[in-house]
Amino acid sequence: MKLPTSYLPDKVRSAVRFVILGTTGSVVQTLFFIAAMWCLDEPEKNSLLYFVAFGIGFILEMIPNYFLSNLYTFGTRPNWKNAGGFLLARAINLVIQFGLLPILVHLLPTWNDGNIGFVVIVIAGIINYLILLLFFKKKKE
């Protein structure tokens with residue numbers, strides 16, 4: 001059985017699949033972050049716990065995302081090159097997220113934590129996809 005995205009051209013297909021996988025991962029990360037904020041009784045937005053909760057959500061989302069990126073998004077097999085590229089892209093993604101988080105918290109003080117986290121994830125996700133394209137390439141047949 002072919003997936004609906006299988007009928008799309010290669011470049012479009014990987015982008016659409018990245019959005020699907022990224023959305024799922026972002027939901028997991030955001031839900032963990034919101035749950036952690038609730039369990040921690042909403043710590044101050046500039047506290048270390050705020051960033052720790054965001055970082056743990058990031059890691060929980062990242063592990064399955066690597067394997068699904070290979071199998072589903074790019075149609076490749078896990079290997080050292082794309083694992084290294086994936087970790088590099090995710091490290092850059094994390095720096096972008098941690099850099100944007102305090103900026104948006106400052107610029108949008110009335111916004112809900114989940115909304116701010118989601119906006120940060122979306123912006124970083126677009127940059128992440130562009131970096132991943134460099135490392136996840138099918139071998140020519």
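Colleague: Helices (H or I, at least four residues) and strands (E, at least two) are DSSP runs, numbered from the N terminus. In which helix does serine 26 lie?

Modeller: This is a predicted model: local features need pLDDT of at least 70 and side-chain atom pairs pLDDT 80 or more, while totals for chains, interfaces and linings use all residues. Residues are numbered from 1 along each chain as its sequence is written, and side-chain values use heavy atoms, without hydrogens and water. Residues 10-39 form the helix that holds serine 26, and that is helix 1.

Colleague: How many helices and strands does the chain have, and what pattern does it follow?

Modeller: The secondary structure comes to 4 helices and 0 strands. Read along the sequence, the pattern is therefore written with helix symbols alone: α-α-α-α.

Colleague: Is serine 26 buried or exposed?

Modeller: Buried means under 20% relative accessible area, exposed over 50%, and partly exposed in between (1.4 Å probe, protein chains only). Serine 26 has 11% relative accessibility, so this residue counts as buried.

Colleague: Which residues does serine 26 touch?

Modeller: Contact means heavy atoms within 4.5 Å. Residues up to four places away in sequence are not counted, and the residues touched by serine 26 are Glu61, Phe118 and Ile121.

Colleague: What share of the residues in the chain is buried?

Modeller: The chain has 141 residues, and its C-alpha trace spans about 55 × 30 × 25 Å along the principal axes. Buried residues make up 39%.

Colleague: What share of the contacts joins residues at least 24 apart?

Modeller: The contacts taken here are those in the chain between residues at least 6 apart in sequence. Among them, the share that joins residues at least 24 apart is 68%.

Colleague: Where is valine 120 found, and which residues is it in contact with?

Modeller: Valine 120 is found in helix 4, and its relative accessible area of 0% is why valine 120 is buried. Its C-alpha atom is separated by 9.8 Å from that of isoleucine 103, 17 residues apart along the chain. With neighbours within four places in sequence left aside, valine 120 is in contact with Phe54, Gln97, Leu100, Leu101 and Leu104.

Colleague: Which residues is asparagine 93 in contact with?

Modeller: Asparagine 93 has its place in helix 3. It counts as buried because its relative accessibility is 3%. Setting aside neighbours within four places in sequence, asparagine 93 is in contact with Phe58, Ala124, Gly125 and Asn128.

Colleague: How many aromatic pairs are found, and is the pair of phenylalanine 54 and phenylalanine 98 stacked, edge-to-face or tilted?

Modeller: Rings of Phe, Tyr and Trp (its six-membered ring) pair if their centres lie within 6.5 Å; planes under 30 degrees apart count as stacked, over 60 as edge-to-face and the rest as tilted. A search of the whole structure finds 9 aromatic pairs. For phenylalanine 54 and phenylalanine 98, the ring centres are 6.2 Å apart and the planes at 45°, so the pair is tilted.

Colleague: How many residues apart in sequence are the parts that the pair of phenylalanine 54 and phenylalanine 98 ties together?

Modeller: Phenylalanine 54 counts as buried because its relative accessibility is 1%, while phenylalanine 98, at 29%, counts as partly exposed. Phenylalanine 54 lies in helix 2 and phenylalanine 98 in helix 3, so the pair ties together parts whose separation in sequence is 44 residues.
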